[in-house]
Structure formats: structure tokens, C-alpha cells
Amino acid sequence: MRWDERYAGRALTTPAPPAAIADEPSLLSRLPSHGSAADIACGTGAQTLWLAGRGLSVVAVDMSPVAVDLTTRAAEAAGLTARVSARVHDLDEGLPTDATRLDLLICQRFREPAIY
């Protein structure tokens with residue numbers, strides 16, 4: 001699968017806020033620091049780790065098993081496994097059932113109007 005190829009051989013990621021708000025302190029201060037979140041098409045998990053580090057419980061989904069493995073291992077390395085549930089999920093089938101009542105949803109690179 002092309003997504004597995006994209007993520008193969010990558011190093012573990014470090015926490016990072018979403019690019020669109022990284023330089024906007026006023027936006028960052030409005031985001032929750034507790035509750036639940038989902039990182040849709042999480043890739044290597046930079047935003048997943050950032051959200052978990054803020055105190056949120058995060059469901060991280062991606063269709064690439066390689067990406068999900070990287071996210072899981074990065075959460076382990078950061079000591080955030082209690083707050084991160086990373087899994088392979090085909091978003092063409094919609095959101096996971098446990099990712100519907102959320103305090104925050106991050107979806108940076110996946111566009112499928114049917115799940116909006």
C-alpha cells in the first residue's frame with residue numbers, strides 16, 4: 001500500500017501541534033487540555049502525542065499499519081500509552097464508533113465529505 005511505503009523507515013515522531021495553529025498562541029489557549037480527542041489520518045502521530053501530552057485521551061486512526069505502529073511506539077517512548085489508542089481504520093467506512101463524542105477533532109490531511 002502506498003501509505004505504508006510513505007511511512008516505512010521513518011523515525012519516531014515528537015509531539016507537535018497542528019501546523020495551522022502552531023504559531024497562534026490565542027488559538028492554542030482555546031483548545032481543551034482534558035477530555036477526549038481524535039486524530040484522523042494520524043500518520044506518525046505528532047498531533048496525537050501533542051494532544052495526549054496536553055491531557056486528552058486520544059483515538060488515533062490511520063489506514064496504514066506502518067503509521068499506526070509508529071504512533072503506538074512513539075506514545076510508548078513518550079510515556080503516553082494510557083492516553084493513546086492508535087489503530088488501523090479505513091475512514092471510508094466512517095469514524096470509529098468510539099470517536100463520535102469528542103472535545104476535539106483533528107483532521108489535517110484527510111478529506112472525505114461523507115464523514116463530515
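Is Thr 44 buried or exposed? Thr 44 counts as buried, at 12% relative accessibility. Buried means under 20% relative accessible area, exposed over 50%, and partly exposed in between (1.4 Å probe, protein chains only).

This is a predicted model: local features need pLDDT of at least 70, side-chain atom pairs count only at pLDDT 80 or more, and totals for chains, interfaces and linings use all residues. Residues are numbered from 1 along each chain as its sequence is written, and side-chain values use heavy atoms, with hydrogens and water left out.

1. Surroundings of Thr 44. Thr 44 sits in the loop between β1 and α3. Helices (H or I, at least four residues) and strands (E, at least two) are DSSP runs, numbered from the N terminus. Leaving aside residues up to four places away in sequence, Thr 44 touches Tyr 7, Arg 10, Thr 13, Ala 67, Leu 70 and Thr 71. Contact here means heavy atoms within 4.5 Å. Leu 31 is 13 residues from Thr 44 along the chain, and their C-alpha atoms are separated by 21 Å.

2. Ala 41. This residue is also placed in the loop between β1 and α3. Ala 41 has a positive phi of about 55 degrees, although it is not a glycine. Most residues other than glycine have a negative phi. Ala 41 counts as partly exposed, at 23% relative accessibility.

3. Helix α3. This helix is mostly covered, with seven of its nine residues buried. The buried ones are Ala 46, Gln 47, Thr 48, Leu 49, Trp 50, Leu 51 and Ala 52. Their cover includes α2 (25–28), β1, β2 (56–62), α4, β3 (84–88) and β4 (104–107). Just after α3 comes Gly 55, with a positive phi of about 115 degrees.

4. The largest pocket. Its volume is about 420 Å³. There are 23 lining residues, and the closest to the pocket centre are Tyr 7, Ala 41, Gly 43, Asp 62 and Arg 109. Two or more lining residues come from each of α1 (2–7), β1 (35–40) and α3 (46–54). The largest share, three residues, is from α1. On a 1 Å grid over the protein atoms alone, a pocket is an open set of points where a 1.4 Å probe fits, with protein on both sides within 12 Å along at least five of seven lines; lining residues have an atom within 4 Å of a point. The volume is the space filled by probe spheres set on the points, which are joined across faces, edges and corners.

5. Lining by class. Ten lining residues of the largest pocket are nonpolar, six are polar and seven are charged. Ala, Val, Leu, Ile, Met, Phe, Trp, Tyr, Cys and Pro count as nonpolar, Asp, Glu, Lys and Arg as charged, and the others, Gly among them, as polar.

6. Salt bridge. The whole structure has one. Asp 69 and Arg 73 form it through their side chains (3.0 Å, N to O). The criterion is a side-chain nitrogen of Lys or Arg within 4 Å of a carboxyl oxygen of Asp or Glu. The two residues are four apart in helix α4 (residues 65–77), so about one helical turn separates them. Asp 69 is partly exposed, at 38% relative accessible area. Arg 73 is partly exposed too, at 36%.

7. Cysteines. The structure holds zero disulfides, a disulfide being a pair of cysteine sulfur atoms within 2.5 Å. Cys 42 is buried, with 5% relative accessible area, whereas Cys 107 is partly exposed, with 25%.
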